Amino acid sequence: MDVLDAVVLVVTRSIDEAEDALKRSDGTMIWGVGCHPGLARVQRAFDAGHFRTFVATTPNVGELDLDGASRGPMQM
């Protein structure tokens, strides 16, 4: 990304991934937390309280059951 002089917003697919990703220090990548709607195991493991902890400490939030093919519940 240095060649492009760009910054990339990156989002994890699960809360578990966020635990490691948010510890990273990448100069051109800004990590955020997400819960991919197309991954059933990620949807089943979703914990709203744990998610809120990450939302308070990350600059961006990604997909949260917004995928048209998702079968997860829309309520948090």
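Modeller: Arg 24 and Asp 26 form a salt bridge, in which the closest N and O atoms are 2.7 Å apart. The model is a predicted one, and this distance is computed from its atoms. Arg 24 has a relative accessible area of 47% and is therefore partly exposed. Asp 26 is likewise classed as partly exposed, its relative accessible area being 24%. In general, side chains of opposite charge can pair when their charged atoms come close.

The count of salt bridges comes to two. The other one links Glu 17 with Arg 13, and here the closest N and O atoms lie 2.6 Å apart. Glu 17 counts as partly exposed because its relative accessibility is 27%. Arg 13, at 42% relative accessibility, is also partly exposed.

Val 7, Leu 9 and Ile 30 make a nonpolar surface patch of about 270 Å². Leu 9 belongs to strand S1, and Ile 30 has its place in strand S2, which covers residues 29–35. The relative accessibility of Leu 9 is 58%, so this residue counts as exposed. Ile 30, by comparison, is partly exposed at 33%. Leu 9 touches Ile 30 and also Asn 60, if residues up to four places away in sequence are not counted. Leu 9 and Asn 60 are 51 residues apart in sequence, yet their C-alpha atoms are 7.7 Å apart in space.

S1, which spans residues 8–11, runs parallel to S2, and four bridges join them. Val 10 has Trp 31 as its bridge partner in S2. S2 is largely enclosed by the rest of the structure, because five of its seven residues are buried. In a regular strand, side chains alternate between the two faces of the sheet.

The ring centres of Phe 46 and Phe 51 are 5.5 Å apart and the planes stand at 45°, so the pair is tilted. Phe 51 is buried, with a relative accessible area of 3%, whereas Phe 46 is partly exposed at 26%.

Methods: Residues are numbered from 1 along each chain as its sequence is written. This is a predicted model: local features need pLDDT of at least 70, side-chain atom pairs count only at pLDDT 80 or more; totals for chains, interfaces and linings use all residues. Side-chain values use heavy atoms; hydrogens and water are left out. Patches are made of residues with over 30% relative accessible area and no salt bridge: like charges are joined within 9 Å, nonpolar side chains (Val, Leu, Ile, Met, Phe, Trp, Tyr) within 5 Å. Accessible areas come from the Shrake-Rupley method with a 1.4 Å probe; for residues, only the protein chains shown count as cover. A salt bridge is a side-chain nitrogen of Lys or Arg within 4 Å of a carboxyl oxygen of Asp or Glu. Helices (H or I, at least four residues) and strands (E, at least two) are DSSP runs, numbered from the N terminus. Buried means under 20% relative accessible area, exposed over 50%, partly exposed in between (1.4 Å probe, protein chains only). Two strands pair if DSSP finds at least two bridges between them. Contact means heavy atoms within 4.5 Å. Rings of Phe, Tyr and Trp (its six-membered ring) pair if their centres lie within 6.5 Å; planes under 30 degrees apart count as stacked, over 60 as edge-to-face and the rest as tilted.
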